[in-house]
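Colleague: I would like to go through the strand pairing in this model with you. Could we begin with the hairpins?

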Amino acid sequence: MCFYLPPIYDIISGMRIKNLTLLPILSCLMAMPSYANWQYDGEFIGDGWYEDDGARFVMSFRGGGAFGFGSIENKTAPLTSAYYIDDTLTQVISESVYLACENCDNYSYAGVAELDKLPADKNYESFSFSAGGSIGMTLPNRPQWRMEIGWDHISEAQYNATPLFSGDVPLYGGTLAEEVIINAQVGSVHSNVTTDIISAMAFYDFFDGLSKPAGKFIPYVGFGIGYADSKTVMTLTDAYGDLSSDVDLREHYGEEGETAGVLQFNRSETDSSNLAGLLALGFSYGITEYAFFDFGARLTYLPRIKWDLSNADDTRHRSWFNAENVFYANVMLGIRFEF
């Protein structure tokens, strides 16, 4: 509280002394230090003794590599293609190839195959780079626990496959008396994936005391949940001519290329949003009481990443394939500050 003192006169001498106008300012300045304990974590005890409760603000930066893997599943809408077979019943060609062929009089109509039933020829496996950062705090009186909000970016990872789908499939409705089973190879894809993850993580550092020691290795474990956004960019080609007889694909998703009857598809982009689960394991090394090298591994689980086929103006989308049960294993080196 600030006080104002009126002018004081020297009664004994009868002489007027100076007006003590500085006293109000000084009284305010003296009061301010009593409210200055906001700048310290912990509390004061007794006559100015300070007790540290171990709470620290945490900020970290990291970078390293990421290995992603997941199973590719055919998610196309009903998709069929017609095939023709030669007189010896040994060679099969797609309808688009047959229509463009000038010397295929010895081929007969063999039937239609359901290409959406074919499995993927290879699963998703790719290496890329990753980087991220976090902010958070250690808990008061429980400094072994750290709570952090983080962001991680997994840079462009490749998924390329030729063929995309491959396997044995029966033909229906042909002119031949016996059933025909062919080994179909469908499409070729070149694509990349980038993923951003916003996470809330809890870490436990294995040390005793209120402050992490310098010059020591301190192991830790962590777990959390997050929101993941993955963007896929796909270029699909009809490498074997199997897709070109589909009416929906011809009308909306591609146009004939240099080879007669073979489609050229548009570049397609797809966003996938997922709830992610995260586990972490690593150790830190104290450079000082406030700065630490951090070497750790993170395992992130995403339910799926989608690749959709889109038309030229991006107004129509058709499911094409997914990577299901995707895991990213990140190994990163970083630096963490606690103050």
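This is a predicted model: local features need pLDDT of at least 70, side-chain atom pairs count only at pLDDT 80 or more; totals for chains, interfaces and linings use all residues.

Colleague: How many bridges join β16 to β17?

Modeller: Strand β16 (residues 268-286) and strand β17 (residues 291-310) run antiparallel and are joined by 10 bridges. Phe283, for instance, has Phe295 in β17 as its bridge partner.

Colleague: And how many bridges join β17 to β18?

Modeller: There are 19 bridges between β17 and β18, again in an antiparallel arrangement. Arg304 is paired with Glu324 in β18. These two strands also form a hairpin, with six residues between them. In that turn, Asp314 has a positive phi of about 60 degrees.

Colleague: Turning to Arg336, where is its place?

Modeller: Arg336 lies in strand β18, which spans residues 317-338.

Colleague: Is Arg336 buried or exposed?

Modeller: Arg336 is buried, because its relative accessible area is 0%, and the cut-off for buried is under 20%.

Colleague: Which side chain has a polar contact with that of Arg336?

Modeller: The side chain of Ser284 does, at 3.4 Å. Beyond its neighbours within four places in sequence, Arg336 is in contact with several residues, including Arg146, Glu148, Asp205, Lys212, Tyr290 and Asp294.

Colleague: Over how many bridges do β6 and β10 pair?

Modeller: Strand β6 (residues 107-114) pairs with β10 over two bridges. Gly111 stands opposite Gly173 in β10.

Methods: Residues are numbered from 1 along each chain as its sequence is written. Side-chain values use heavy atoms; hydrogens and water are left out. Helices (H or I, at least four residues) and strands (E, at least two) are DSSP runs, numbered from the N terminus. Buried means under 20% relative accessible area, exposed over 50%, partly exposed in between (1.4 Å probe, protein chains only). A polar contact is a pair of N or O atoms within 3.5 Å; within protein, one must be able to donate a hydrogen and the other to accept it, and residues adjacent in sequence count only if both atoms are side-chain atoms. Contact means heavy atoms within 4.5 Å. Two strands pair if DSSP finds at least two bridges between them.
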